[in-house]
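The sequence and the structure are shown below.

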Amino acid sequence: MSNTRSTRRRGGAAAAAAVTLALALAACGGGSAPPRPSAGAPSGGASAGSGDSQPEGKPGQGKPVVKLGDKNFSEAFLIGDLYQQALTAKGYTVEMHANVGGSEVIDSAFKSGQVDLYPEYTGEILSSVAGDQGRTTSAEETWQKAKAFEESQRGAILLPQTPFQDIDVVIVKPDFAKQHNLKAIGDLNNVGPGGQGVSWAAQPPDRTRYAGLVGMQQAYGLTNVSFVGVDVGVTYNALDTGAANSADAFSTDGQLTTGKYVALDDPKHIMGFQHVAPVVKQATLAAQGPEFAQTLNWVDSLLTQQAILQMNAGIQLNHIDPTQVAQKFLAANGLKS
(Lines give C-alpha, C1' and ligand atoms only; values in the text may rest on other atoms or scores of the structure.)
Protein backbone atom coordinates (compact mmCIF):
# COMPACT_ATOMS: atom_id res chain seq x y z
CA MET A 1 0.00 0.00 0.00
CA SER A 2 1.65 3.20 -1.17
CA ASN A 3 2.05 6.26 1.01
CA THR A 4 3.14 8.44 -1.89
CA ARG A 5 1.10 10.29 -4.44
CA SER A 6 3.24 9.99 -7.51
CA THR A 7 0.52 11.23 -9.84
CA ARG A 8 0.40 14.64 -8.20
CA ARG A 9 1.99 17.65 -9.85
CA ARG A 10 2.79 20.81 -7.97
CA GLY A 11 2.07 24.28 -9.32
CA GLY A 12 3.99 27.46 -8.63
CA ALA A 13 2.84 30.60 -6.84
CA ALA A 14 1.27 32.10 -9.95
CA ALA A 15 -0.92 29.07 -10.51
CA ALA A 16 -1.89 29.02 -6.85
CA ALA A 17 -2.91 32.66 -7.01
CA ALA A 18 -4.95 32.03 -10.14
CA VAL A 19 -7.05 29.37 -8.46
CA THR A 20 -7.66 31.28 -5.20
CA LEU A 21 -10.69 33.11 -6.55
CA ALA A 22 -12.19 29.91 -7.91
CA LEU A 23 -11.78 28.25 -4.52
CA ALA A 24 -13.40 31.18 -2.79
CA LEU A 25 -16.36 30.83 -5.15
CA ALA A 26 -16.41 27.08 -4.56
CA ALA A 27 -16.65 27.73 -0.84
CA CYS A 28 -20.00 29.39 -1.45
CA GLY A 29 -21.39 26.07 -2.66
CA GLY A 30 -24.31 26.22 -5.02
CA GLY A 31 -26.29 23.74 -7.06
CA SER A 32 -29.03 21.35 -6.09
CA ALA A 33 -28.43 18.35 -3.88
CA PRO A 34 -30.37 15.31 -2.75
CA PRO A 35 -31.46 15.14 0.90
CA ARG A 36 -28.60 14.06 3.13
CA PRO A 37 -29.73 10.84 4.80
CA SER A 38 -29.20 10.26 8.48
CA ALA A 39 -26.57 7.65 9.20
CA GLY A 40 -28.39 6.51 12.29
CA ALA A 41 -26.68 5.38 15.47
CA PRO A 42 -23.97 2.80 14.87
CA SER A 43 -23.85 -0.27 17.07
CA GLY A 44 -21.64 0.06 20.10
CA GLY A 45 -23.46 3.10 21.44
CA ALA A 46 -21.62 5.80 19.49
CA SER A 47 -23.64 8.57 17.90
CA ALA A 48 -23.08 9.28 14.23
CA GLY A 49 -22.97 13.02 14.91
CA SER A 50 -25.69 15.62 14.64
CA GLY A 51 -26.21 18.30 12.05
CA ASP A 52 -23.72 19.57 9.52
CA SER A 53 -21.88 22.09 11.69
CA GLN A 54 -18.32 21.57 12.79
CA PRO A 55 -17.75 20.74 16.47
CA GLU A 56 -16.15 23.29 18.76
CA GLY A 57 -12.71 22.93 20.28
CA LYS A 58 -10.49 19.86 19.95
CA PRO A 59 -12.66 16.87 20.86
CA GLY A 60 -10.15 14.47 19.32
CA GLN A 61 -7.37 15.14 21.82
CA GLY A 62 -6.33 11.96 23.61
CA LYS A 63 -8.32 9.69 21.28
CA PRO A 64 -6.70 6.69 19.51
CA VAL A 65 -4.93 7.09 16.19
CA VAL A 66 -7.20 6.86 13.14
CA LYS A 67 -5.89 5.28 9.92
CA LEU A 68 -7.38 7.18 6.98
CA GLY A 69 -7.06 5.88 3.43
CA ASP A 70 -7.88 7.30 0.02
CA LYS A 71 -8.06 5.89 -3.50
CA ASN A 72 -5.75 6.37 -6.46
CA PHE A 73 -6.85 9.47 -8.43
CA SER A 74 -6.87 13.22 -7.89
CA GLU A 75 -10.46 13.66 -6.65
CA ALA A 76 -9.91 10.92 -4.07
CA PHE A 77 -6.68 12.59 -2.97
CA LEU A 78 -8.61 15.84 -2.51
CA ILE A 79 -11.34 14.30 -0.36
CA GLY A 80 -8.78 12.40 1.69
CA ASP A 81 -6.91 15.64 2.33
CA LEU A 82 -10.14 17.42 3.30
CA TYR A 83 -10.92 14.72 5.85
CA GLN A 84 -7.37 14.62 7.21
CA GLN A 85 -7.06 18.38 7.63
CA ALA A 86 -10.48 18.82 9.24
CA LEU A 87 -9.97 15.95 11.67
CA THR A 88 -6.47 17.12 12.57
CA ALA A 89 -7.79 20.63 13.24
CA LYS A 90 -10.22 19.09 15.72
CA GLY A 91 -7.42 17.35 17.62
CA TYR A 92 -7.70 13.87 16.14
CA THR A 93 -4.48 12.00 15.36
CA VAL A 94 -4.68 10.87 11.74
CA GLU A 95 -2.30 8.38 10.14
CA MET A 96 -2.66 8.95 6.40
CA HIS A 97 -2.49 6.02 3.96
CA ALA A 98 -2.57 7.74 0.60
CA ASN A 99 -3.09 6.34 -2.90
CA VAL A 100 -4.15 2.92 -1.65
CA GLY A 101 -5.79 1.78 -4.88
CA GLY A 102 -9.16 1.22 -6.52
CA SER A 103 -12.40 0.20 -4.82
CA GLU A 104 -11.59 -3.49 -4.46
CA VAL A 105 -8.07 -2.77 -3.18
CA ILE A 106 -9.06 -0.20 -0.57
CA ASP A 107 -11.96 -2.39 0.58
CA SER A 108 -9.44 -5.18 1.14
CA ALA A 109 -7.24 -2.79 3.13
CA PHE A 110 -10.29 -1.81 5.18
CA LYS A 111 -11.23 -5.44 5.88
CA SER A 112 -7.68 -6.28 6.97
CA GLY A 113 -7.46 -3.30 9.34
CA GLN A 114 -4.87 -1.35 7.36
CA VAL A 115 -7.30 1.58 7.26
CA ASP A 116 -10.19 2.50 9.57
CA LEU A 117 -11.85 5.08 7.35
CA TYR A 118 -12.00 6.02 3.67
CA PRO A 119 -14.24 8.00 1.32
CA GLU A 120 -16.08 5.93 -1.29
CA TYR A 121 -18.67 6.36 -4.02
CA THR A 122 -21.99 4.74 -3.13
CA GLY A 123 -22.52 3.13 -6.53
CA GLU A 124 -19.00 1.71 -6.42
CA ILE A 125 -19.72 0.06 -3.08
CA LEU A 126 -22.61 -1.79 -4.69
CA SER A 127 -21.06 -2.68 -8.04
CA SER A 128 -17.34 -3.12 -7.36
CA VAL A 129 -17.32 -4.21 -3.71
CA ALA A 130 -20.68 -5.91 -3.12
CA GLY A 131 -20.89 -7.27 -6.67
CA ASP A 132 -24.46 -6.01 -7.00
CA GLN A 133 -25.03 -5.22 -10.68
CA GLY A 134 -28.69 -4.31 -10.23
CA ARG A 135 -29.83 -0.79 -11.01
CA THR A 136 -31.11 1.61 -8.35
CA THR A 137 -33.65 4.35 -8.96
CA SER A 138 -32.40 7.13 -6.67
CA ALA A 139 -29.42 8.42 -4.76
CA GLU A 140 -31.19 7.62 -1.50
CA GLU A 141 -31.82 4.00 -2.50
CA THR A 142 -28.20 3.61 -3.57
CA TRP A 143 -26.93 4.98 -0.26
CA GLN A 144 -29.33 2.81 1.76
CA LYS A 145 -28.26 -0.37 -0.05
CA ALA A 146 -24.58 0.52 0.27
CA LYS A 147 -25.08 1.30 3.97
CA ALA A 148 -26.79 -2.05 4.56
CA PHE A 149 -23.91 -3.87 2.85
CA GLU A 150 -21.22 -2.07 4.87
CA GLU A 151 -23.03 -2.75 8.15
CA SER A 152 -23.74 -6.42 7.50
CA GLN A 153 -20.56 -7.42 5.66
CA ARG A 154 -17.85 -5.05 6.87
CA GLY A 155 -18.78 -4.02 10.41
CA ALA A 156 -18.82 -0.45 9.16
CA ILE A 157 -21.06 2.57 9.15
CA LEU A 158 -21.69 4.57 5.99
CA LEU A 159 -22.06 8.20 7.00
CA PRO A 160 -24.31 10.69 5.09
CA GLN A 161 -23.42 11.25 1.45
CA THR A 162 -22.14 14.39 -0.22
CA PRO A 163 -24.37 16.74 -2.24
CA PHE A 164 -22.13 16.16 -5.28
CA GLN A 165 -21.79 13.01 -7.30
CA ASP A 166 -19.22 11.93 -9.86
CA ILE A 167 -20.91 9.95 -12.63
CA ASP A 168 -20.29 9.35 -16.32
CA VAL A 169 -21.80 12.04 -18.54
CA VAL A 170 -22.22 12.40 -22.28
CA ILE A 171 -20.54 15.60 -23.46
CA VAL A 172 -20.70 17.50 -26.74
CA LYS A 173 -19.35 20.77 -28.07
CA PRO A 174 -21.52 23.86 -27.45
CA ASP A 175 -22.02 24.56 -31.17
CA PHE A 176 -23.12 20.97 -31.75
CA ALA A 177 -25.56 21.22 -28.84
CA LYS A 178 -27.01 24.44 -30.20
CA GLN A 179 -27.26 23.08 -33.75
CA HIS A 180 -29.28 20.04 -32.67
CA ASN A 181 -31.02 21.49 -29.59
CA LEU A 182 -29.30 19.06 -27.24
CA LYS A 183 -30.03 19.29 -23.53
CA ALA A 184 -30.40 15.63 -22.50
CA ILE A 185 -29.09 12.30 -23.77
CA GLY A 186 -32.40 11.49 -25.46
CA ASP A 187 -32.09 14.63 -27.57
CA LEU A 188 -29.31 12.90 -29.50
CA ASN A 189 -32.20 11.43 -31.49
CA ASN A 190 -32.32 14.91 -33.09
CA VAL A 191 -29.04 14.16 -34.84
CA GLY A 192 -29.29 12.50 -38.27
CA PRO A 193 -29.31 8.71 -38.71
CA GLY A 194 -26.56 6.39 -39.83
CA GLY A 195 -23.25 7.95 -40.85
CA GLN A 196 -24.71 11.40 -40.21
CA GLY A 197 -25.65 10.43 -36.67
CA VAL A 198 -23.90 10.35 -33.32
CA SER A 199 -20.34 9.12 -32.84
CA TRP A 200 -19.60 8.52 -29.16
CA ALA A 201 -16.02 8.23 -27.87
CA ALA A 202 -15.61 6.14 -24.74
CA GLN A 203 -13.44 3.41 -23.30
CA PRO A 204 -14.04 -0.02 -24.92
CA PRO A 205 -15.90 -1.56 -21.93
CA ASP A 206 -18.56 1.15 -22.26
CA ARG A 207 -19.75 -0.49 -25.48
CA THR A 208 -21.41 -3.32 -23.52
CA ARG A 209 -22.37 -1.52 -20.30
CA TYR A 210 -25.85 -0.34 -19.40
CA ALA A 211 -24.11 2.70 -17.93
CA GLY A 212 -22.86 3.32 -21.44
CA LEU A 213 -23.94 2.45 -24.98
CA VAL A 214 -26.45 -0.22 -23.93
CA GLY A 215 -28.35 2.19 -21.70
CA MET A 216 -28.26 4.88 -24.37
CA GLN A 217 -29.88 2.44 -26.78
CA GLN A 218 -32.35 0.76 -24.44
CA ALA A 219 -33.46 3.64 -22.21
CA TYR A 220 -33.27 6.47 -24.74
CA GLY A 221 -33.96 4.56 -27.95
CA LEU A 222 -30.81 5.79 -29.67
CA THR A 223 -30.26 3.80 -32.85
CA ASN A 224 -28.02 6.37 -34.51
CA VAL A 225 -24.93 5.97 -32.31
CA SER A 226 -21.64 4.60 -33.60
CA PHE A 227 -19.13 3.65 -30.93
CA VAL A 228 -15.57 5.02 -31.00
CA GLY A 229 -13.37 3.09 -28.58
CA VAL A 230 -10.54 5.14 -27.08
CA ASP A 231 -8.04 4.75 -24.26
CA VAL A 232 -8.60 6.27 -20.84
CA GLY A 233 -7.93 10.01 -20.80
CA VAL A 234 -8.41 10.41 -24.55
CA THR A 235 -12.13 11.13 -24.75
CA TYR A 236 -11.75 14.92 -24.63
CA ASN A 237 -9.12 14.75 -27.35
CA ALA A 238 -11.43 12.65 -29.54
CA LEU A 239 -14.07 15.35 -29.23
CA ASP A 240 -11.62 18.21 -29.75
CA THR A 241 -10.10 16.69 -32.90
CA GLY A 242 -13.43 15.74 -34.46
CA ALA A 243 -12.83 12.00 -34.18
CA ALA A 244 -16.25 11.89 -32.49
CA ASN A 245 -19.07 14.39 -31.97
CA SER A 246 -19.86 13.20 -28.44
CA ALA A 247 -17.78 11.64 -25.71
CA ASP A 248 -17.84 10.08 -22.27
CA ALA A 249 -16.60 12.19 -19.36
CA PHE A 250 -17.00 12.44 -15.60
CA SER A 251 -19.41 14.96 -14.14
CA THR A 252 -16.74 16.51 -11.89
CA ASP A 253 -13.96 16.85 -14.48
CA GLY A 254 -12.22 20.20 -14.24
CA GLN A 255 -12.54 20.56 -18.02
CA LEU A 256 -16.28 21.09 -17.59
CA THR A 257 -15.59 24.50 -16.00
CA THR A 258 -13.99 25.86 -19.19
CA GLY A 259 -17.17 26.42 -21.23
CA LYS A 260 -15.75 24.29 -24.04
CA TYR A 261 -18.11 21.37 -23.42
CA VAL A 262 -21.78 20.72 -22.65
CA ALA A 263 -22.76 17.82 -20.39
CA LEU A 264 -26.14 16.36 -21.35
CA ASP A 265 -28.71 15.60 -18.66
CA ASP A 266 -29.53 11.98 -17.87
CA PRO A 267 -33.15 12.04 -16.63
CA LYS A 268 -33.44 8.24 -16.78
CA HIS A 269 -30.27 7.84 -14.70
CA ILE A 270 -28.64 5.21 -16.88
CA MET A 271 -25.29 6.27 -15.43
CA GLY A 272 -26.44 5.47 -11.89
CA PHE A 273 -25.65 7.36 -8.70
CA GLN A 274 -22.18 8.05 -7.33
CA HIS A 275 -22.28 10.31 -4.29
CA VAL A 276 -19.41 10.05 -1.80
CA ALA A 277 -19.77 8.89 1.79
CA PRO A 278 -17.22 8.00 4.50
CA VAL A 279 -16.91 4.29 5.26
CA VAL A 280 -15.93 4.03 8.94
CA LYS A 281 -15.43 1.05 11.21
CA GLN A 282 -18.09 0.88 13.89
CA ALA A 283 -15.40 0.39 16.52
CA THR A 284 -13.63 3.54 15.31
CA LEU A 285 -16.77 5.65 15.67
CA ALA A 286 -17.35 4.25 19.15
CA ALA A 287 -13.78 5.03 20.22
CA GLN A 288 -13.63 8.53 18.71
CA GLY A 289 -16.95 9.91 19.97
CA PRO A 290 -19.79 11.74 18.20
CA GLU A 291 -17.72 14.78 17.18
CA PHE A 292 -15.65 12.57 14.86
CA ALA A 293 -18.61 11.82 12.60
CA GLN A 294 -19.82 15.39 13.03
CA THR A 295 -16.54 16.68 11.60
CA LEU A 296 -16.76 14.38 8.57
CA ASN A 297 -20.42 15.28 8.05
CA TRP A 298 -19.54 18.97 8.12
CA VAL A 299 -16.87 18.53 5.44
CA ASP A 300 -19.14 16.45 3.23
CA SER A 301 -22.03 18.92 3.52
CA LEU A 302 -19.82 21.55 1.84
CA LEU A 303 -19.05 19.42 -1.19
CA THR A 304 -21.55 20.64 -3.77
CA GLN A 305 -21.19 19.92 -7.47
CA GLN A 306 -19.89 23.43 -8.11
CA ALA A 307 -17.39 23.23 -5.25
CA ILE A 308 -15.90 19.95 -6.49
CA LEU A 309 -15.78 21.18 -10.09
CA GLN A 310 -13.85 24.29 -9.08
CA MET A 311 -11.45 22.39 -6.85
CA ASN A 312 -10.86 19.72 -9.48
CA ALA A 313 -10.14 22.47 -12.01
CA GLY A 314 -7.46 23.80 -9.70
CA ILE A 315 -5.90 20.35 -9.41
CA GLN A 316 -6.39 18.97 -12.92
CA LEU A 317 -5.96 22.12 -15.03
CA ASN A 318 -3.74 24.36 -12.90
CA HIS A 319 -1.79 21.49 -11.32
CA ILE A 320 -2.20 22.70 -7.74
CA ASP A 321 -1.46 20.08 -5.11
CA PRO A 322 -4.71 18.67 -3.64
CA THR A 323 -3.37 19.34 -0.14
CA GLN A 324 -3.13 23.05 -0.91
CA VAL A 325 -6.54 23.11 -2.58
CA ALA A 326 -8.12 21.39 0.44
CA GLN A 327 -6.45 23.82 2.84
CA LYS A 328 -7.74 26.89 0.99
CA PHE A 329 -11.25 25.46 0.71
CA LEU A 330 -11.54 24.59 4.40
CA ALA A 331 -10.12 27.96 5.43
CA ALA A 332 -12.62 29.75 3.18
CA ASN A 333 -15.39 27.78 4.87
CA GLY A 334 -14.26 28.77 8.34
CA LEU A 335 -12.50 25.67 9.67
CA LYS A 336 -11.76 26.33 13.33
CA SER A 337 -8.91 24.70 15.16
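## Aromatic pairs

Tyr 236 and Tyr 261 are both buried. The model that contains them is a predicted one, and a search through the whole of it returns five aromatic pairs. One of these joins the rings of Trp 200 and Phe 227, whose centres lie 5.9 Å apart and whose planes stand at 70°, so the arrangement is edge-to-face. Trp 200 and Phe 227 are both buried.

Tyr 236 and Tyr 261 make up an aromatic pair as well, again edge-to-face, with 4.9 Å from centre to centre and 75° between the planes. Here too distant parts of the chain are linked, since Tyr 236 sits in helix α8 (residues 235-240) whereas Tyr 261 sits in the loop between β8 (246-250) and β9, 25 residues apart.

The partner of β7 is β6 (residues 198-202), and the two pair in the parallel sense over five bridges. Within this pairing, Val 198 has Val 225 in β7 as its bridge partner.

## An enclosed strand

Strand β3 (residues 117-121) has five of its five residues buried, so it is largely enclosed by the rest of the structure. In a regular strand, side chains alternate between the two faces of the sheet. Both faces of β3 are covered, with Leu 117, Pro 119 and Tyr 121 buried on one side and Tyr 118 and Glu 120 buried on the other.

Strand β3 is joined by five bridges to β10 (residues 276-281), and the two strands run antiparallel. In this pairing Pro 119 is placed opposite Pro 278 of β10.

## Helices α11 and α12

The axes of helix α11 (residues 305-316) and helix α12 (residues 322-332) come within 9 Å of each other and cross at roughly 140°, and the crossing in which α11 passes α12 is right-handed. On the α11 side the contact involves Ala 307, Met 311 and Ile 315, which meet Pro 322, Val 325 and Phe 329 of α12. By residue class, the contact of α11 with α12 comprises six nonpolar residues, no polar ones and no charged ones.

Gln 324 also lies in α12, and with a relative accessible area of 27% it is partly exposed. Its C-alpha atom is separated by 9.8 Å from that of Gly 314, which is 10 residues away along the chain.

## Positive phi and the end of the chain

Most residues other than glycine have a negative phi. His 319, although not a glycine, has a positive phi of about 60°; it is placed in the loop between α11 and α12 and, at 28% relative accessibility, counts as partly exposed. Asn 99 likewise has a positive phi, near 55°, without being a glycine. Asn 99 is found in the loop between β2 (94-97) and α3 (103-111) and is buried, its relative accessible area being 15%.

Lys 336 lies in the segment after α12 and, with 44% relative accessibility, is partly exposed. Once neighbours within four places in sequence are set aside, the residues in contact with Lys 336 are Gln 54, Glu 56, Ala 89 and Lys 90. The C-alpha atoms of Lys 336 and Gln 54 are separated by 8.1 Å, although these residues are 282 residues apart along the chain.

## The chain as a whole

The chain has 12 helices and 10 strands, and 54% of its 337 residues count as buried. Among contacts in the chain with a separation of 6 or more, 81% are accounted for by residues 24 or more positions apart.

Note on methods. Residues are numbered from 1 along each chain as its sequence is written. This is a predicted model: local features need pLDDT of at least 70, side-chain atom pairs count only at pLDDT 80 or more; totals for chains, interfaces and linings use all residues. Side-chain values use heavy atoms; hydrogens and water are left out. Two strands pair if DSSP finds at least two bridges between them. Helices (H or I, at least four residues) and strands (E, at least two) are DSSP runs, numbered from the N terminus. Axes are lines fitted to C-alpha atoms, for helices over the stretch in contact, and angles run from 0 to 180 degrees between N-to-C directions. A crossing is left-handed if the near helix is turned anticlockwise from the far one by less than a right angle, and right-handed if clockwise. Contact means heavy atoms within 4.5 Å. Ala, Val, Leu, Ile, Met, Phe, Trp, Tyr, Cys and Pro count as nonpolar, Asp, Glu, Lys and Arg as charged, and the others, Gly among them, as polar. Rings of Phe, Tyr and Trp (its six-membered ring) pair if their centres lie within 6.5 Å; planes under 30 degrees apart count as stacked, over 60 as edge-to-face and the rest as tilted. Buried means under 20% relative accessible area, exposed over 50%, partly exposed in between (1.4 Å probe, protein chains only).
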